[in-house]
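Please open the structure in a viewer and keep the sequence beside it.

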Amino acid sequence: MIRRYIAVGLVLGFLGACAHRVEKMETVFYPMPPEQPRLQFLVSLTKEEDLGESSAFREFVLGKQEESKRLARPYDIAHRKGTLYVVDKTIRKVMIVDLEKRKFDYIRDAKGGALQDPSGIFITPDGYKYVADSARGQIVVYNERNEFHRAYGAENQFRPVSVAVHGNKIYVCDLKDNEIEVLDRDSGEVLRKIGGIGREEGLFHKPTHVTVDDAGNLFVTDAFNFRVQQVDANGKFVRTVGYQGSHPGAFARPKGIAVDRQGHLYVVDAAFELVQVFDIATAEPLLPFGKYGPAPGSTYLPAGIHIDYDNVPYFNQYADPDFRVKYLVYVGNLAGDKKLNVYGFGDWIGAPLKGVAPRQTAPRPKAPASAAGGRAATQ
């Protein structure tokens, strides 16, 4: 009996120590105070423990367990409510980050759904995951239960590196033929091709990423032309964003792109190791964030980016009390020890800022009261 009380006391003591252990973390805003903050770095997710699971406590109670799952080289990101889906180039799978259960897993891609070299992912409102696999040469689709559904693409049809879906159309970023192939979602038939190799407006040289806004406008990373091009739902050229150079608004190695609902375009640059935010209507640069370095919120060989309006409650505890987060921005880092950076875009609602002091943050993210169901936001 005495031993039992001692054991219970040790466990309670261990739990108490865990519950009261808080991390010191610098508050990082973009732009820096005293300018009005629009973006705050919240947290980085690399391994299961970053979601709140205490491996030390599990080992104390249950003995040594298998090594926890972790991200290695996150290349693209998508989401549903309560869950993130991350394409990892090292393990060549789609990792599942369950924010509610605080677990990492991956899509079981056996048999017809086996992945070879996935690079892009897009999730439709009905929960279907479209994965661009360049080595397989197909778009591989999994249903809302993460089961293999079907694949698009005949042999040697394209080398898909990114994919987006709008309505009944699938947009495939084809690195081989420097174009966007538009497929019918039901039949898989090629409806049209956009682009082709070249430097003129509407042509591409090594397109690497594609995304679509709510109106059906396409945005394509035209990597070797050092720009992002926008075309409308009919494939007609609209505008160019960016150019080659080293000034604000210029690119050296543009990669992932994302569009929010307020008319902002987010573009990752792997060479400059930062993200630039543009006004789509004017193509003017508004705000850079990230940048290489050891500080919180820094980026190290960033590639993928994704915007999420659905999962803000899971990360609100990391936000400054005077900063109201409207949506989340995820950035995947191919190198470094912080793999998936989470930022919050929003409004400063406090007094004018003169500087920011280090603050104490809650130890780990908690699930909100209602964390099931929902739909995917536009990538």
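Helices (H or I, at least four residues) and strands (E, at least two) are DSSP runs, numbered from the N terminus. The model is predicted: local features need pLDDT of at least 70, side-chain atom pairs count only at pLDDT 80 or more, and totals for chains, interfaces and linings use all residues. Residues are numbered from 1 along each chain as its sequence is written, and side-chain values use heavy atoms, with hydrogens and water left out.

**The whole chain**

Select the protein chain, which has 2 helices and 27 strands. Of its 379 residues, 52% count as buried; buried means under 20% relative accessible area, exposed over 50%, and partly exposed in between (1.4 Å probe, protein chains only). The accessible surface of the chain comes to about 17,300 Å², and 52% of this belongs to carbon and sulfur atoms. Such areas come from the Shrake-Rupley method with a 1.4 Å probe; for residues, only the protein chains shown count as cover.

Next, select Leu 301, in the loop between β23 (284–290) and β24 (302–308). Leu 301 counts as partly exposed because its relative accessibility is 32%.

**Aromatic rings**

How many aromatic pairs does the structure hold? There are 14. Rings of Phe, Tyr and Trp (its six-membered ring) pair if their centres lie within 6.5 Å; planes under 30 degrees apart count as stacked, over 60 as edge-to-face and the rest as tilted.

Select Phe 289 and Tyr 343, an edge-to-face pair with 4.9 Å centre to centre and 65° between the planes. Phe 289 lies in strand β23 and Tyr 343 in strand β26 (residues 340–348), so the pair ties together parts that are 54 residues apart in sequence. Both residues are buried.

Move on to Tyr 309 and Tyr 327, a tilted pair with 4.8 Å centre to centre and 45° between the planes. Tyr 309 lies in the loop between β24 and β25 (323–333) and Tyr 327 in strand β25, so this pair ties together parts that are 18 residues apart in sequence. Tyr 309 and Tyr 327 are buried.

A charge sits over a ring if NZ of Lys or CZ of Arg is within 6 Å of the ring centre and within 35 degrees of the ring normal. Arg 108 likewise has its charged end over the ring of Tyr 106, 4.3 Å from the ring centre.

**A loop residue**

Finally, select Gln 36, in the loop between β2 (28–30) and β3 (39–45). Is Gln 36 buried or partly exposed? Gln 36 is partly exposed, because its relative accessible area is 48%. Leaving aside neighbours within four places in sequence, Gln 36 is in contact (heavy atoms within 4.5 Å) with Pro 31 and Trp 348. Select Asp 347 as well: Gln 36 and Asp 347 are 311 residues apart in sequence and 8.3 Å apart in space, C-alpha to C-alpha.
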